[in-house]
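Let's take a walk through this one together. We'll begin at a single residue and then step back for the wider view.

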Amino acid sequence: MQVSSLNEVKIYSLSAGRSLPEWLSDRKKRALQKKDVDIRRRIELIQDFEMPTISTKIKVSRDGQYIMAVGTYKPRVRCFDTYQLSQKFERCLDSEVVTFEILSDDYSKIVFLQCGRFVEFHSQHGHYYKTRIPKFGRDFSYHYPSCDLYFVGASSEVYRLNLEQGRFLNSLQTEASESNVCDINPVHFLFAMGTAEGKVECWDPRTRNRVGLLDCALSSVTADTEIEGLPSISALKFDGALNMAVGTSTGQVLLYDLRSSNPLIVKDHHYGLPIKSIQFQHQLDLIISADSRIIKMWNKDTGKIFTSMEPEHDINDVCLYPNSGMLMTANEAPKMNIYYIPVLGPAPKWCSFLDNLTEELEENPESTVYDDYKFVTRKDLENLGLAHLIGSSLLRAYMHGFFMDIRLYHKAKMMANPFAYEEYRREKIRQKIEETRAQRVQLKKLPKVNKELALKLIEEEGEEQQFSKKRKQKNLPSLLKDDRFKVMFENPDFQVDEQSEEFRLLNPLVSKISEKRKRKLKILEELEAQGQEEEEEPEGKASDAESSESSDDEKGWVEEVRKQRKLLRQEEKLKRQERLKEDQQTLLKPQFFEIKEGEEFRSFKDSAKKQKLMKKTLEDRLKLEEKLGTLNVSDTTVGSKQATFKLKKSEQQRKQQEAEKRHRQERKTLRRSASHLKSRRGRGRLFH
């Protein structure tokens, strides 16, 4: 169990630690628990409280006995029984679930809104009914007095499905192009929906008329916030009869009183991520808002941060267990997180042992590190002359060093180095001198590999900096300082080959440009050898003359390409002549090849015939085999074709069959000769 503390609020992560695979047997699990201390100390509050890949939504039934979660992959819903601390059932679905709602007090009536425009109803035994809405849905709410389901999504209409009559009713026509979220007030049943334009429309279900409109996008922009684009509504939640919290796609949470069009308070998450979930905690008057990265708890009257949590994986949904301090999250990971915060409330009655655990941990608190302490090593103590304090109460051993009071550290440093101010003054003077030197032309340190390319990039970077200063634009990052391209200037395998054919054809003017760079490179190498720190502009031609030399017209570029092509043809011709001379000078030596056992060499014509035969189509090969008699094709009574093949025998099989044939013939001749002798002997006895 992992414990964290922020603003003196203890947060216990009950799902921290490694989880054992499902396919392990009970015997292996017990063996691992004996060996590994971390596995033995972990707390598995609910057995197998996870999804195969990710979990998207998590809710608690009204009676508090069942926790239901949906996730992928494959799309499924899992129900966990808190009284048994284990999974009750699991049902697989046809498509991924966008959101779901538990209509009954337990799990007997559930509605799923799926991504394929399907609305699926489940009863206690399983799947009950399935229907479809006209446009893709994003959220829905259930109106208990009229048994109506209100669906919002990629449409300007709000679809109504009456569960008592079992049919769709007239939809509500809104001004929005699309709607993202909706909610119904639990007191007076006002229906509110958040649009993609950053507005909240409120409708009265009794008269089916719009009764209010809030422009949250305009109210979310304050002096401190930086917003790119129009904020849309991503979360919506009612609190009581008059309060409503709205979350935007740019990371702001606005708290409204329904009697006013201006927000009471605007809270920014400062991450720029859409708000995924908003929950109210009434005992301490807190609002729990979450985006994909962080969960923040803050006071709804003052906006002051109470505490916050940053899980390891991205958050998809947050569920606060009623009347307790337990918080559950659905994440972009198989394991669903469970947090227990004792300050928010007691543990649920089905896991009341958590209160005893947390009390025992608070009785034996772990050591903490404060900001008014300084960490020093043994070498630092020797430099300060405080090595004799080792073992005393002024030093507290920690890891490879010690903690000491920051005031004692400053006093010892002043006594050990009384001229610290002079050193500080000299350091500031040196920094000022370096700032003035930076305005001069400094020596460029070039890498070992691709020096000419690095020089070209430095020159282009200087030109871009001058251009961006004139236009008042931001400078782009340099390739030489980028870690992704660092290997290109360190590994010799990335050296540019200027003699290759591709380089010479794609860079026809490289010879003229490289000459100027080579002159600069030579000057820089001489300065490096001399160890100078500054570089003046080399005397010679002015910069205007150099720029006039580097600029060529299109005609010169075409002539240069033709010249390079002619040189490449000449070089290729010389290479062919050299290879021809080498072939004439070399004498061919006879080579011997060994034939495998059981094979007989016939001629090289057989391999050529086989290659020709393999190049032919299947139809031609079948016709050829039919002529040779190795294939027989006939029609069957059903109308299909029947083909009979005769397999080719290997040379070893053929010799074996010939030997068996000779053996059978020899035995026949022996039997005939034996019968002939018997007949002759019988005739001789008769004559006697």
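Start at Ser 232, which sits in the loop that runs between helix H3 (216–219) and strand S19 (233–239). Keep in mind that you're looking at a predicted model. Is Ser 232 buried or exposed? With a relative accessible area of 14%, Ser 232 counts as buried, because the cut-off for buried is under 20%. And what is Ser 232 in contact with, once its neighbours within four places in sequence are set aside? The list has Asn 180, Thr 195, Ala 196 and Gly 198, plus Gly 247, Thr 248 and Ser 249.

Now zoom out. The protein has 688 residues, and 34% of them count as buried.

A negative patch is formed by Asp 497, Glu 501, Glu 502 and Glu 572. One of these, Glu 502, belongs to helix H9 (residues 501–506), and its relative accessible area of 54% makes it exposed.

For positive charge, look at the surface patch where Lys 661, Arg 664, Arg 667, Lys 668, Arg 671 and Arg 672 gather. Arg 667 is part of helix H15, which covers residues 651–687. At 47% relative accessible area, Arg 667 is classed as partly exposed, since exposed calls for over 50%.

Technical notes: Residues are numbered from 1 along each chain as its sequence is written. This is a predicted model: local features need pLDDT of at least 70, side-chain atom pairs count only at pLDDT 80 or more; totals for chains, interfaces and linings use all residues. Side-chain values use heavy atoms; hydrogens and water are left out. Patches are made of residues with over 30% relative accessible area and no salt bridge: like charges are joined within 9 Å, nonpolar side chains (Val, Leu, Ile, Met, Phe, Trp, Tyr) within 5 Å. Accessible areas come from the Shrake-Rupley method with a 1.4 Å probe; for residues, only the protein chains shown count as cover. A salt bridge is a side-chain nitrogen of Lys or Arg within 4 Å of a carboxyl oxygen of Asp or Glu. Lys and Arg count as positive and Asp and Glu as negative; His and the chain ends are not counted. The place of a charge is taken as NZ of Lys, CZ of Arg, CG of Asp or CD of Glu. Helices (H or I, at least four residues) and strands (E, at least two) are DSSP runs, numbered from the N terminus. Buried means under 20% relative accessible area, exposed over 50%, partly exposed in between (1.4 Å probe, protein chains only). Contact means heavy atoms within 4.5 Å.
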